[in-house]
Amino acid sequence: MELPLVVGVDGSEPSLCAVDWAADEAVLRGLPLRLVYASLWERYEGTALADDLGKPSDQVMAEDIVETAARRVRTRQPDVKVTTDVLPEEPEYTLVRESRTAAAMVLGSRGRSSLAEAVLGSVSVTVAGHAHCPVIVLRGSHDNRSVLGRHGRVVVGVGEAPTDAAAMRFAVEEARRRGVPLEAVRAWRCPAQETTDHPLLAGEPARLHEQKAAEVLEATLRDIPADVEVHRRTVEGHARQVLLGASADADLLVVGARRREGHDGLQLGRVAHAVLLQAVCPVAVVPQRA
């Protein structure tokens, strides 16, 4: 049985944009689409949806929300199989559970009000930090499309090899499906305390740190298939700032999430957390299996 792409819908415009994006992604992957509504989100229904249905916002019911989303999929991608479900549960709990039987999950990043944006942003971060499948959060101006993006490239952040192997595999497949280059980015820094007087790094501390970053990058990319065009880039700076900068001209940014000892499920590090909240393109957080 094929695992579906799962989309969290709430009636807000960002969640409907996520439905559009996921419909294109379902075509790329040849997968069915599952639209899930958690009842706690009812207060964040979108005014645009209410107008479409001819009802005031406070009367838009969950069934209307998921059916409107399903119609958008059928209009946009008629060949995609769509199922819907309305679940009377908190969204974080629902979506983390749904991730156990999903190929990937797609979420909008904000609601139509400042309160909704804060709550939905929290949902996205929580789900991305605990999900059992890759979670794609649609940030920035993504033109509602997973293909034919404005920039024509997928960017992946490279950590210490081989801990981000799952993220790299995901990024490779996304670049391959879209027929675009993959840009692998490794950030590096020369600690302030390492000066030219350092006994092991005398004269060239920065060059040695950059060289190490390049070696990690090469090791991570060693088994990349020949049919994927790869661009390698090492950049001096904090990883979160480097990746946020890279998101400005990417159609998808991919980062990994690591399992921490003593914690239940996956936990987001500072880099993944920062790009989820601040990136200007869609972000995919990929769990690294232990």
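1. Contact here means heavy atoms within 4.5 Å, and in that sense Glu13, Leu16, Val19, Asp20, Ala23 and Asp24 of helix α1 meet Ala69, Arg72, Val73 and Arg76 of helix α3. By class, the residues of this contact divide into five nonpolar, no polar and five charged. The structure under discussion is a predicted model, and the points below should be read with that in mind.

2. Helix α1, which covers residues 13-29, packs against α3 at an angle of about 35 degrees, with the two axes 9 Å apart, and the crossing of α1 with α3 is right-handed. Helix α3 itself, residues 62-76, has 15 residues and reaches 21 Å from its first C-alpha to its last, close to the 21 Å expected at 1.5 Å a residue. The buried residues of α3 include Ala69 and Val73, both of which also take part in the contact with α1; Ala62, Asp64, Ile65, Val66, Thr68 and Ala70 of α3 are buried as well.

3. On the α8 side the contact is made by Ala239, Arg240, Leu243 and Leu244, and on the α9 side by Val271, Ala274, Val275 and Gln278. Sorted by class, the contact of α8 with α9 has six nonpolar, one polar and one charged residues.

4. Turning to charged pairs, a search of the whole structure finds 17 salt bridges. In one of them, arginine 34 pairs with glutamate 98, the closest N and O atoms being 2.7 Å apart. Because arginine 34 lies in strand β2 (residues 33-38) and glutamate 98 in helix α4 (residues 91-98), the pair ties together parts that are 64 residues apart in sequence. Taking under 20% relative accessible area as the limit for a buried residue, arginine 34 counts as buried at 18% relative accessibility, and glutamate 98 is buried with a relative accessible area of 7%.

5. The salt bridge between arginine 232 and glutamate 218 has its closest N and O atoms 2.7 Å apart. Arginine 232 belongs to strand β8 and glutamate 218 to helix α7, so this pair ties together parts that are 14 residues apart in sequence.

6. Arginine 176 is partly exposed, with a relative accessible area of 33%, whereas aspartate 227 counts as exposed at 55% relative accessibility.

7. The buried residues of α6 are Ala166, Ala167, Met168, Phe170, Ala171, Val172, Glu174, Ala175 and Arg178. Among these, Glu174 and Arg178 belong to a network of salt bridges that also links Glu25, Arg29 and Arg177. After α6 comes glycine 179, whose phi is positive, near 70 degrees.

8. Which residues does alanine 167 touch, not counting residues up to four places away in sequence? They are Val156, Val254, Val255, Gly256, Val286 and Gln288. Alanine 167 is found in helix α6 and counts as buried at 1% relative accessibility. Between alanine 167 and valine 156 the C-alpha to C-alpha distance is 7.5 Å, with eleven residues separating them in sequence.

9. Alanine 184, in strand β7 (residues 182-188), is buried with a relative accessible area of 0%. Residues up to four places away in sequence aside, alanine 184 touches Val156, Val158, Met168, Leu217, Leu221, His231, Arg232 and Arg233. One of these, Arg232, is the arginine that forms a salt bridge with glutamate 218. Alanine 184 and valine 254 are 70 residues apart in sequence, and their C-alpha atoms are 9.6 Å apart in space.

Terms used: Residues numbered from 1 in each chain as written. Predicted model: local features only at pLDDT ≥ 70, side-chain atom pairs only at ≥ 80, totals over all residues. Heavy atoms only, no water. Helix = DSSP H or I, 4+ residues; strand = E, 2+ residues; numbered from the N terminus. Expected span 1.5 Å × (residues − 1). Buried < 20%, exposed > 50% of the residue type's maximum accessible area, 1.4 Å probe, protein only. Nonpolar A, V, L, I, M, F, W, Y, C, P; charged D, E, K, R; others polar. Salt bridge = Lys/Arg side-chain N within 4 Å of Asp/Glu carboxyl O. Axes fitted to C-alpha atoms, helices over the stretch in contact; angles between N-to-C directions. Left-handed = near helix turned anticlockwise from the far one by under 90°.
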